[in-house]
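Hi! Here are my notes on this one, written so that you can follow along on screen. Have the viewer open and take the points in order.

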Amino acid sequence: MDGIHDLGGKQGFGPVRHTVDAPAFHAAWEKRVNALYSLAVRLGVFNMDEYRHAIERMEPRHYLSASYYERSLTSLATLCVEKGLVTRDELERRARGEFPLALASANGRSNAPERERFRPGDRVRARADHVPGHVRMPAYIRGKTGVVVGESPAYPFPDAHAHGVDAADEPTYDVRFSSTDLWPSSADPAYVHVGVFQSYLERVEEPATSGA
Amino acid sequence: MSDPTRSPGPVAPVARVAPVAPIEQRVAAIESVLDDHGMAPGEFIVQAAHLVEEKWVPENGARVVARAWTDPAFRSRLLADGKAAVAELGFEMPRHHRHLVVLENTPAVHNVICCTLCSCTAFTIIGLPPDWYKDLEYRARVVRESRTVLKEMGLDLPADVEIRVWDTTADTRYMVLPMRPAHSAGWSEDELAAIVSRDAMIGVARL
């Protein structure tokens, strides 16, 4: 989904609030939430793709105003309700107030029917897909061309795995893009590498100039 | 829908009037639900605290870096297959992290990692991500304004250094192998490990 979480390249944000030796947690409840969601994953209540997608499905204003661990909590609670571990009313009775949850999910999808194996050096384009459910392709590479620099072992396909849809595991490719192709005339020159699932990619044929 | 904190949620799309419960009460509520289902959340919270405070710490990655600086064969193995190489030093990665790609900084190339979609990191090796790594600002800006963001964070790279940003959008994980500082010649592996920071392994600092 073209959600609010897909932040890469969004403009208007201020300086990074960086401190040396910055903490991962700011309050004891944050550590509890981190433990509780990972326990639920370990016990198979939901998987990491479902967890990520339930964060992405948060109402955008809630997403932007919530802290990192409030987003984590919201995903955990949403999935517990959706999986039938508790009703929302019971959850709110126990919380003694409203418990904001994420919005409903759209449908997932399986692997792209036409997939091929790429090798380092291959030129590839991120398909111009618009996916209503979970997807791990950041919108900033949609339709953009890059070069494969690495291949990773096969992983569950997130667009399916977040929705209980059957799919084959597939490799991901580290694809190198140029920031000035991604955001012409409005980016600092750099290479931007993205881990891209095979289903999101199509080959770009080289112009036939080499005779090879 | 005018109030963002009153999203209808997946179950009951009706107007809700109760005030939002304080966060600690919401956490306690969900913990009690897991407890009802026999998941023993209290025990796991204690175990997880140990993991995040003592096991998954940047000192792990620092040892990996110090070994790579002092053992060329290890460095080659680390660059070829990061997950197998860190396992040699006893460091594990979660099952869903199937690949660790180690990115070597050189005088001409500087690598920096991020996760624009959420907060993914090789957390068992370089430690849990710091707060700013998960903030909207870093996620939005570092892919597009890398040199500017690094400069704002205190790393003013020479103009001829090529910047390579790595966005952790799949389950492959990355870490930066920083350049060994010139003044550290002859140091022991322990002394070297002591100067390797989490920021340097993310790539927002040089040593």
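1. Helices (H or I, at least four residues) and strands (E, at least two) are DSSP runs, numbered from the N terminus. Residues are numbered from 1 along each chain as its sequence is written, while chains are lettered from A and ligands numbered from 1 in the order in which they are written. Keep in mind that this is a predicted model: local features need pLDDT of at least 70, side-chain atom pairs count only at pLDDT 80 or more, and totals for chains, interfaces and linings use all residues.

2. How far can you trust it? The model scores ipTM 0.96 and pTM 0.94. Where pLDDT is low, the predicted coordinates should not be read in detail.

3. Now look at where the chains meet. Calling two residues in contact if their C-beta atoms, placed from the backbone, lie within 7 Å, 79 residues of chain A are in contact with 72 residues of chain B. On the chain A side, H1(A) gives the most, with 10 residues. That side has 43 nonpolar, 18 polar and 18 charged residues. For these classes, Ala, Val, Leu, Ile, Met, Phe, Trp, Tyr, Cys and Pro count as nonpolar, Asp, Glu, Lys and Arg as charged, and the others, Gly among them, as polar.

4. How do H1(A) and H1(B) meet? Their axes come within 10 Å and cross at roughly 30 degrees, which makes H1(A) roughly parallel to H1(B). (Under 35 degrees counts as roughly parallel, over 145 as roughly antiparallel, 65 to 115 as roughly perpendicular and the rest as oblique.) Among the residues making the contact are Trp29(A) and Leu36(A) from H1(A), and Val27(B) and Ile30(B) from H1(B). By class, this contact has 9 nonpolar, no polar and 3 charged residues.

5. Within chain A, compare another helix pair. H2(A) and H4(A) pack at about 110 degrees with axes 8 Å apart, and are therefore roughly perpendicular to each other. Tyr51(A) and Ala54(A) of H2(A) are among the residues in this contact, as are Ser75(A) and Leu79(A) of H4(A). The contact residues divide into 4 nonpolar, 2 polar and 2 charged.

6. Finally, follow the sheet across the chains. Two strands pair if DSSP finds at least two bridges between them. S4(A) and S3(B) pair in the parallel sense over 4 bridges, and His193(A) stands opposite Trp166(B) there. The open sheet has 7 strands with mixed pairing, in the order S5(A)-S1(A)-S2(A)-S3(A)-S4(A)-S3(B)-S2(B). Its edge strands, S5(A) and S2(B), each pair on one side only. From one strand to the next, the twist averages 35 degrees.

How values were computed: Axes fitted to C-alpha atoms, helices over the stretch in contact; angles between N-to-C directions.
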